[in-house]
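Have the viewer open as you read.

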Amino acid sequence: MTSAQITGPILSVRDVHLWRGASHVLRGLSFEASAGEVWVLEGANGSGKTSLLRVIAGLLWPEEGSVQWHGDALRAPEDATAVSVSYLAHDAALHDDLTPLENVRDATQLQRVCATEEAQTILERVGVQIADRATRTLSAGQRRRVALARVLLSHASVWLLDEPWTHLDAAGVKLFQELITDKVNKGGLVILSAHHEVGLPSRSLRRLALS
Amino acid sequence: MANFTWFYRLASPPTSYAAAGRLWLWFAVPAVLLIAVGLYGGLVSAPADYQQGDAFRIIYVHAPSAWLSLLGYSVLGVSAGIGLIWRMKLAHALAAAVAPIGASFTFLCLVTGSLWGRPMWGAYWAWDARLTSELILLFMYLGYLALRSSFDDVSRADRASAVLALVGLVNVPIIHFSVNWWNSLHQGSTVLRVGGPAMPASMLVPLLESFLGFTLLFAALSCVRLRAEILMRERRPTWLQDGLTVSASHE
Amino acid sequence: MRIALRPWPHVFVMVYQRECRLALRRWSQLAQPVVFFIMVTTLFPLALSPEPSLLRSIAPGVVWVAALLASLLALETLFRADWDNGTLEQWALSGQPLAILLLGKVSAHWCLTGVPLVLSAPVVAYALGMPWTALGVLMGSLALGTAALSLLGAVGAALSLGTRRGSVLLSLMMLPLAMPVLIFGARATDLAMSQDAPDAGLWLLAALLIAALSLVPVALAAAVRISFE
């Protein structure tokens with residue numbers, strides 16, 4: 001939340017190489033991302049967008065090159081939280097047998113105490129009214145919104161979002177875009193993979209094409 | 001990470017492939033000679049045992065394979081650990097190369113043990129502590145190979161099976177102890193005694209020769225299999241193609 | 001910039017409670033390992049003979065083999081749901097020690113499957129004609145043994161994440177490693193039945209459990225991390 005104080009790049013990715021099986025997915029990729037920026041990773045299916053996000057998050061180990069947060073090399077996944085990163089994967093990390101409220105609260109409680117009311121408020125803000133039914137009964141779009149609530153509750157200064165708009169209706173996409181814009185204006189860093197990114201603040205928009 | 005670049009270079013596929021290619025002959029030739037001498041000494045020259053007669057001669061194969069079954073698992077566990085900690089692919093390749101060899105020697109140890117058991121116990125199998133430990137060791141090798149083969153992706157297979165190998169390595173002494181404890185509480189069968197100061201030199205020297213010979217054979221087989229593993233894992237085989245064209249042009 | 005993280009004992013308790021909540025929502029599945037345990041022990045009188053002296057002599061082995069299989073089979077799906085939906089990834093990224101979170105999950109699993117198994121042991125013991133005097137040792141050794149088996153089996157369950165789903169893989173990997181538990185547990189029970197001192201077996205089981213408690217969480221965390229790649 002105070003990431004505006006930090007000068008210089010928050011994240012630097014240097015010459016990252018990654019293979020998935022026999023295919024060379026990331027070939028010497030480098031970029032630096034600073035507070036107040038939105039990075040959009042573009043590329044066809046299979047171009048390594050998800051892999052790159054996972055490398056940045058620390059879930060995948062690059063075979064060559066390095067990922068540094070504030071100049072500190074990433075060693076283990078939990079190191080990414082030194083700058084408080086929230087990662088939204090393809091799968092929303094929601095357990096089917098728990099309610100949306102329980103899901104987002106449990107996830108947040110791993111890091112800080114989170115009152116039910118707080119989680120409830122955020123869920124309402126992302127437009128999830130039925131917080132006390134099993135997540136199993138939710139539509140794919142509603143799950144995506146619950147996952148967004150988790151990201152919001154994390155208070156992380158960096159968001160890593162993998163295809164955030166999938167399954168969302170127009171209103172949901174708009175909501176996401178507003179929240180991302182808001183995050184960036186407050187000095188956060190958002191890195192997302194997307195096929196289209198209409199409505200993101202062009203001033204702070206950076207693109208990275210993967211092939 | 002940067003400090004380890006020399007380490008990675010040393011372990012680079014072309015270097016290690018070439019090294020294993022040179023080494024294996026250095027192991028194989030003395031291995032064959034020593035095994036031949038040791039087995040001749042053990043099976044022909046050495047006198048028959050006064051209690052066991054000629055049946056004891058199986059130890060010239062049995063004892064080295066028992067040793068190599070354990071050495072194999074140790075090499076497996078240690079190289080798996082190195083691969084896991086330093087993310088060194090060569091170590092994983094070595095683990096993958098050694099596992100089937102170790103499993104084969106374990107199997108050989110069980111077969112020779114049961115052949116020896118027929119004249120001694122009157123049955124091909126008795127629940128002797130050593131043989132039971134070997135059997136469990138064989139199961140451990142099989143579990144390791146089963147896990148390795150159930151991944152599609154080589155690097156994940158390497159790392160997951162490395163964890164299993166390490167857990168197994170910690171467990172080897174525990175299993176050995178528990179089986180001995182179990183055995184001591186029942187009417188233990190005669191335990192196959194190997195070596196010992198009572199053995200005359202005419203028996204002992206061939207045994208040492210065959211120990212050394214089989215160990216070198218193990219090393220030679222490991223080198224050959226390691227080369228195959230390196231080839232299978234190589235994603236950028238340009239050095240390989242270069243090497244092949246060079247050797248083709250020489251001929 | 002690091003968030004002041006909650007202390008790990010809180011998070012351990014939180015994970016433990018989450019697992020219990022989840023398990024109670026599927027309470028019918030909770031009974032499965034116990035039912036399996038009782039069924040397997042029923043097989044032996046049917047397959048051999050209901051002769052009391054025979055049953056008595058094989059009772060420790062039968063109970064322990066059944067408990068071993070029930071523990072391992074119950075672990076098969078321990079991490080599957082949380083792995084599939086990405087919860088384990090979030091745990092790994094939470095900044096909390098992953099080993100502690102996973103240990104919380106395994107502890108809850110043992111309380112929900114291992115403890116009922118221990119509690120149902122008197123029924124099985126009675127059916128097999130075990131003397132009442134051996135019951136304490138049987139239950140004590142089962143409590144120690146199933147805890148060690150849960151820990152050990154959890155490593156297998158974590159390692160088999162992302163494999164082509166072969167159902168025997170977990171048992172194939174873990175049965176050889178579980179043999180010391182079986183040996184110590186069955187032997188302690190056997191000695192107790194014949195009025196001998198079972199201390200050695202119980203102490204050895206306790207030692208195994210302590211070793212597993214100290215080493216398994218590290219292996220678990222490593223195995224789960226590998227499964228993300």
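Which residue in β8(A) is the bridge partner of A:Val38? Bear in mind that this is a predicted model. The partner turns out to be A:Val190.

That bridge belongs to a parallel pairing between β3(A), residues 38–42, and β8(A), residues 189–193. β3(A) also runs parallel to β9(A), which covers residues 205–209. On that side, A:Leu41 has A:Leu208 as its bridge partner in β9(A). Here are the two pairings:

| Strand pair | Sense | Bridges |
|---|---|---|
| β3(A) and β8(A) | parallel | four bridges |
| β3(A) and β9(A) | parallel | five bridges |

Zooming out, chain A has nine strands and five helices. Reading from the N terminus, the order goes β-β-β-α-β-β-β-α-α-α-β-α-β-β. Of the 211 residues in chain A, 47% are buried. As for contacts in chain A, take those between residues at least 6 apart in sequence: 68% of them join residues at least 24 apart.

Now for the contact between chains B and C. Chain B puts in 25 residues and chain C puts in 23 residues. On the chain B side, the elements giving two or more residues are α5 (129–149) and α6 (154–185). The top contributor there is α6(B), with 16 residues.

Key. Residues numbered from 1 in each chain as written. Chains lettered and ligands numbered in written order. Predicted model: local features only at pLDDT ≥ 70, side-chain atom pairs only at ≥ 80, totals over all residues. Contact = placed C-beta atoms within 7 Å. Pairing = 2+ DSSP bridges. Buried ≥ 20, exposed ≤ 12 C-beta atoms within 10 Å, placed from the backbone.
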